[in-house]
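Please open the structure in the viewer and keep the sequence panel beside it.

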Amino acid sequence: MTLYTKANIKEDKPLEHCAVFGVACDDVGYSIAKYLYLGLIAQQHRGQESTGISILNIGGKIFTYKRKGLVSKVLNDKILSKFWGNVGIGHNRYATTGSQEYNSQDYMQPFHLKNNNMEFSLAFNGTIPNYADLKQRLEDMGRVFTTNTDTEVIARFIASLAIGTDDWPEILRMASKFMDGSYSLIILTSEGDIYAMRDPLGFKPLCIGELKTDKRNLYFVSSESCGLDTVGAKFLRDVEPGEIVHLSHQKDIHTEMIIKAERTALCQFEFVYFARPDSIIDGVSVAEARTRLGELLAINDPLLKDPNFRKDAIVVPVPDSGRGVAVGYANEAKLHYIEGLMKNRYVWRTFIMPGQKKRESAVKEKLNPVKSFITGKNVIILDDSIVRGTTTAQIINLIREAGAKSVNVRISCPPVIRPCYMGIDFPTTSELIAGRYKELYGENFIEEIRKKIGADTLQYQKIEDLMKAISKNENELCLACLTGKYPLKSVEKIIELEKSIITDRQS
Ligand code: SF4
């Protein structure tokens, strides 16, 4: 779900938007509430702002409960004990600051739609850049909206297609023709079915699993496979891009391909940063991809050929996101991997403090160098990405103050030069240090970034090595934030969108 507001200006990292999880059990006397809890808590990293569940009870009614906060707080024992049903879906929403309006339950998911004709609940991960067009169409038809989200637009659009029919695969096939964007969505119907759909380009991960016991069979759908592992389910497979999967409490999983695209566009950032390392996405282990990213950075690193440099060199990850890549780099370079930056795990949301100065001081609250490891060393810092550059500059400063001989930054993602409009919260081009510097300095922009952040050396991953590490090519991955080539039809909408965000942020 995306809110295109100035509330989206925050941490110096791209932010994932959501996680979805669904369960259908063939034992109507069994409650799946605890499975929703486990599946959502395993995917807390994909969204920390709010948690919600919808469960269908024995009487055929959908109950939805959603609140601001982490899964463990929202779905406590008392709440879970009140929910009894054998089919349900859940959602974690990503973190936003912002006005009270955006913190209202209307903006949380699942989005529960009930009218005279139908009832269903929808949970969604992604973004539909052309949602304003769809919204206008629906408003012209007399539909009234209570939020400014693409989630509600999708829900009301689906409801408009469902008038007079309960053929859900056909409804979703029709909906997908108009939704040009990224979406992994799940729907709980009042008949007790779950439909899961992944967009034809497969931007967002989505997978299915099963758990069969002597007493009952359970079927699951999850954004990431770590959700399946946590509930003890067997991973069956990824939902294919353009596929609808039907999970029913009455029969096994049924699937249907709705649109087969010529290419796919899985978000490369899932491997670089978002996904949990223990997840496997479209056949690729996230942990292994991160290790390879580190190995490739080391293979291409000219500094490692200098014996004088190597003699005092240590490899330090930026916790937690730089760890996997630092392990790969250190192994390949045959250098010591040192936890030279300690993270205060209780300070995890720097974005709550508005303004540049406070953001910078927040880095100090969060990270502290281990001086005895750092002093006199050539420190090679590994991190996943540089967005605005402010946090990286602060980290370099901390390491220098701790007595490092030199500070050398290695980034597992190539320069991020353009915003994302497929569901990831990035700043606009001018707020991205690589985007702005590329426009200003052309070919020399990386050297200028190095000077700006105060590193002795700076090396980014090459795009071809990123693809090599993920074992996927440019027709299988989205690389739009690195290349500016958006794999959507409505590119002009994207440009309009960026302009409107800039205007909104300036107002
Ligand atoms: S633009 Fe970047 S962050 Fe957005 S989906 Fe594509 S690869 Fe992922």
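The stops that follow begin with the whole chain and then turn to individual sites.

**Before selecting**

This is a predicted model, in which local features need pLDDT of at least 70 and side-chain atom pairs count only at pLDDT 80 or more, while totals for chains, interfaces and linings use all residues. Residues are numbered from 1 along each chain as its sequence is written, and side-chain values use heavy atoms, with hydrogens and water left out.

**The whole protein**

Display the protein as a cartoon. Its secondary structure comes to 19 helices and 24 strands; helices (H or I, at least four residues) and strands (E, at least two) are DSSP runs, numbered from the N terminus. Of the 507 residues, 61% are buried. Here buried means under 20% relative accessible area, exposed over 50%, and partly exposed in between, with a 1.4 Å probe and protein chains only. Among contacts between residues at least 6 apart in sequence, 70% join residues at least 24 apart, a contact being heavy atoms within 4.5 Å.

**The ligand site**

The space taken by the ligand is the second largest cavity. A cavity is a set of points, on a 1 Å grid over the protein atoms alone, where a 1.4 Å probe fits but cannot get out; a molecule sits in one if more than half of its atoms lie within 2 Å of its grid points.

**The cysteines**

Colour the cysteine sulfurs next. How many disulfides does the structure hold? The structure holds zero disulfides, a disulfide being a pair of cysteine sulfur atoms within 2.5 Å. Cys 413 is in none, and the nearest cysteine sulfur, that of Cys 481, is 6.1 Å away. Cys 413 counts as buried because its relative accessibility is 0%.

Just after α15, Gly 442 takes a positive phi of about 60°.

Gly 454 follows α16 and has a positive phi, near 80°.

**Ser 406**

Move to strand β22, residues 406–411, in which Ser 406 lies. Is Ser 406 buried or exposed? Ser 406 counts as buried because its relative accessibility is 10%. Leaving out residues up to four places away in sequence, Ser 406 touches Phe 309, Lys 377, Asn 378, Val 379 and Asp 456.

**Leu 75**

Centre on the loop between α2 (71–74) and α3 (77–82), where Leu 75 is found. Leu 75 is buried because its relative accessible area is 1%. Residues up to four places away in sequence aside, it touches Tyr 37, Leu 40, Thr 51, Ile 53, Tyr 65 and Leu 80. Leu 75 and Tyr 65 are 10 residues apart in sequence and 8.9 Å apart in space, C-alpha to C-alpha.

**Backbone exceptions**

Most residues other than glycine have a negative phi, and most peptide bonds are trans. The last selections depart from that pattern.

- Gln 109 to Pro 110: this peptide bond is cis, with omega near 5°. Pro 110 is in the loop between β4 (87–93) and β5 (111–114).
- Pro 319 to Asp 320: this peptide bond is cis, with omega near -5°. Asp 320 is in the loop between β17 (313–317) and α11 (323–333).
- Asp 282: phi is positive, about 45°, although this is not a glycine. Asp 282 lies in the loop between β15 (280–281) and β16 (284–285).
- Ser 471: phi is positive, about 60°, although this is not a glycine. Ser 471 is in the loop between α17 (463–470) and β24 (477–478).

Conventions. 1 Å grid on protein atoms, 1.4 Å probe; cavity = no way out; pocket = protein on both sides within 12 Å on 5 of 7 lines; lining within 4 Å.
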